[in-house]
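Hi there,

Here is the structure I promised to pass on to you. Have a look at it first, and then read my notes below.

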Amino acid sequence: MKRPRLRKASKRLSCHKRYKIQKKIREHHRKVRREAKKRGRRKPKKDPSVPNAAPFKEALLREAEQRKQRLEELKQKQKLDRQKEHEKKRKLDAKKNAAKIQEQTEGTEPSSKSEANTKKVPHKKSKKSFNSELEKVIEASDVVLEVLDARDPMGCRCPQLEQAITCSGGDKKLLLVLNKIDLVPKENLEKWLNCLKKEFPTVAFKSSTLMTDRTTQQHFSRKRARVDLSRNTECFGSECLLKLLQEHCKTQNKAIQVGLVGFPNVGKSSIINSIKRDRVCNVGTARGLTKCMQVVRIDKQMKMLDSPSIVADPANSTLTLALRSIIDAGVSGSVDMVEAMDAVLNHCSKQQVMMFYSIPDFRNTEEFLTLLAQKRGMLKKGGVPDIENIAKLLLCDWTGAKISYHSQPPGSQMLPPYLTEDKIAEMQKGFNLKKLEEENNATVQALKYPSPASSIVFQSAGMTNGKIEENKVVGEASQWETLETSREEEEEDFMETDDQDSMEEEEKDVKEESKIRMTRKAELGKQQTRRVTAENKLAESGCDSSLSFSLDKTADEDDAYDFNTDYV
């Protein structure tokens with residue numbers, strides 16, 4: 001049976017469609033002609049060349065040829081230089097890849113050169129780099145401002161840092177700056193100011209928000225609808241702090257450097273921006289944004305040094321690590337988000353949390369996070385609540401400036417073991433405390449505060465232990481450390497004189513060479529035993545001549561200065 005012929009599609013068009021296409025083509029040609037007419041007919045410019053009647057024609061042509069040759073040679077040279085740079089980069093990359101492959105295959109530690117390089121330039125996000133930069137700031141500054149969050153001032157204090165500054169000797173001063181005072185009730189703020197000013201001069205401060213520069217003005221103008229303008233965006237307390245520092249500068253008769261230190265998200269960079277009235281330091285809700293020391297000139301006589309955050313000791317409680325550790329900066333040793341949120345909720349009133357988030361009763365933290373995730377629409381595939389992300393978001397709210405909570409100051413205030421009345425008087429020397437108190441009262445009266453009912457009551461975990469590894473901050477040793485070192489040196493000198501006397505007596509008694517060798521061996525054994533016994537005695541006595549900033553707390557000190565027992 002023959003196949004039926006398949007007809008090809010006809011190319012004929014309807015008259016309406018054909019006329020329409022022709023009309024469009026005519027309009028296009030008309031538009032092109034009109035634009036060409038506006039531009040005008042531009043013929044390509046011809047080289048006028050040098051006329052025959054011109055004098056020195058041959059010399060001009062020769063110069064033009066030489067100029068062309070020079071340009072071509074320059075282009076060739078630039079091309080060769082680029083090729084050489086690419087070749088160098090390729091060789092360096094090849095060497096690096098070969099070294100990595102060799103390390104992986106051998107499974108050994110990196111070479112001494114690479115170790116030296118890593119020691120010289122530590123990674124920007126490592127704990128070591130944070131500590132080294134922080135110590136640079138403390139060493140370079142004449143006045144150190146320890147920035148505290150007004151919602152939990154005691155949890156933002158670092159005893160190791162305060163001990164290092166107070167025991168450093170010299171004229172180094174330590175001031176406390178109570179930031180975010182607009183997030184706590186007025187009565188609670190006044191209590192904390194009265195409590196903290198007994199130890200160090202304390203300044204009440206409220207940083208300005210929505211601080212923009214030329215690069216971020218357009219960004220904020222686009223997102224103006226999302227910005228919360230209900231809160232006051234002005235700065236309070238900057239004039240008080242500036243006057244205090246300028247008066248201290250006059251008493252010193254020299255230019256001073258002011259270093260700002262503190263745990264993450266307490267507002268160190270925001271204070272500098274507020275005083276400078278410009279966005280000179282990078283700020284944000286993420287922890288550990290500042291990774292190195294930054295110098296900002298305030299006036300001719302004053303510079304401010306922004307520092308990275310203090311690294312919290314991993315031995316702290318879960319609550320302390322949740323609020324004070326550098327979780328968002330990629331530093332190792334960060335706590336689990338759900339566990340951190342569990343620790344925060346356990347130190348708050350359950351009813352106040354339910355009222356604040358408008359959530360029904362919950363049995364545990366996971367149920368609370370699931371209810372909140374469902375309410376805010378934070379769901380994974382299949383409608384499963386995203387617990388980890390909601391916990392991370394809540395922690396950002398608690399460390400940021402969104403949630404209003406407050407902790408009560410200790411009932412019976414006891415001085416830390418490193419603070420004495422002489423140290424307090426030394427830190428307060430050179431400052432007009434009466435004027436400071438008047439300025440603080442004026443700042444407190446000027447602000448609006450949340451009501452005690454709307455603010456969540458928070459139970460603080462006490463001071464946060466920080467890690468300061470290197471001993472470059474303290475210029476001179478404290479008195480008790482110098483006494484211990486002098487005692488150890490006297491003991492070592494006494495042991496060395498005894499050894500020399502015994503060696504002289506034995507050399508006189510022994511005549512033969514063999515006996516002298518035997519006695520020398522015996523004396524070496526005696527010296528080793530004496531050194532071991534001396535080290536054991538020193539270990540039993542607890543003396544340590546090395547400078548360190550960690551507080552070795554005894555049982556008596558813990559009983560004397562335990563903030564956990566202050567809360568009921």
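I21 sits in helix α1, which covers residues 15-39 (helices are DSSP runs of H or I with at least four residues, numbered from the N terminus). I21 counts as partly exposed because its relative accessibility is 42%; buried means under 20% relative accessible area, exposed over 50%, and partly exposed in between, with a 1.4 Å probe and protein chains only. Together with L13 and I25, I21 forms a nonpolar surface patch with about 260 Å² of accessible area. Such a patch joins nonpolar side chains (Val, Leu, Ile, Met, Phe, Trp, Tyr) within 5 Å, from residues with over 30% relative accessible area and no salt bridge. Accessible areas come from the Shrake-Rupley method with a 1.4 Å probe.

A word on the source: this is a predicted model, where local features need pLDDT of at least 70 and side-chain atom pairs count only at pLDDT 80 or more, while totals for chains, interfaces and linings use all residues. Residues are numbered from 1 along each chain as its sequence is written, and side-chain values use heavy atoms, leaving out hydrogens and water.

Now to the charges. The structure holds 13 salt bridges (a side-chain nitrogen of Lys or Arg within 4 Å of a carboxyl oxygen of Asp or Glu). One of them links E133 and K136 at 3.2 Å, N to O; these two are about one helical turn apart, because they lie 3 residues apart in helix α4 (residues 127-140). E133 is buried at 14% relative accessibility, whereas K136 is partly exposed at 42%.

E367 pairs with R363, with 3.0 Å between the closest N and O atoms. R363 is exposed at 76%.

Happy exploring!

Methods. Patch = residues over 30% accessible without salt bridge, like charges linked within 9 Å, V, L, I, M, F, W, Y side chains within 5 Å.
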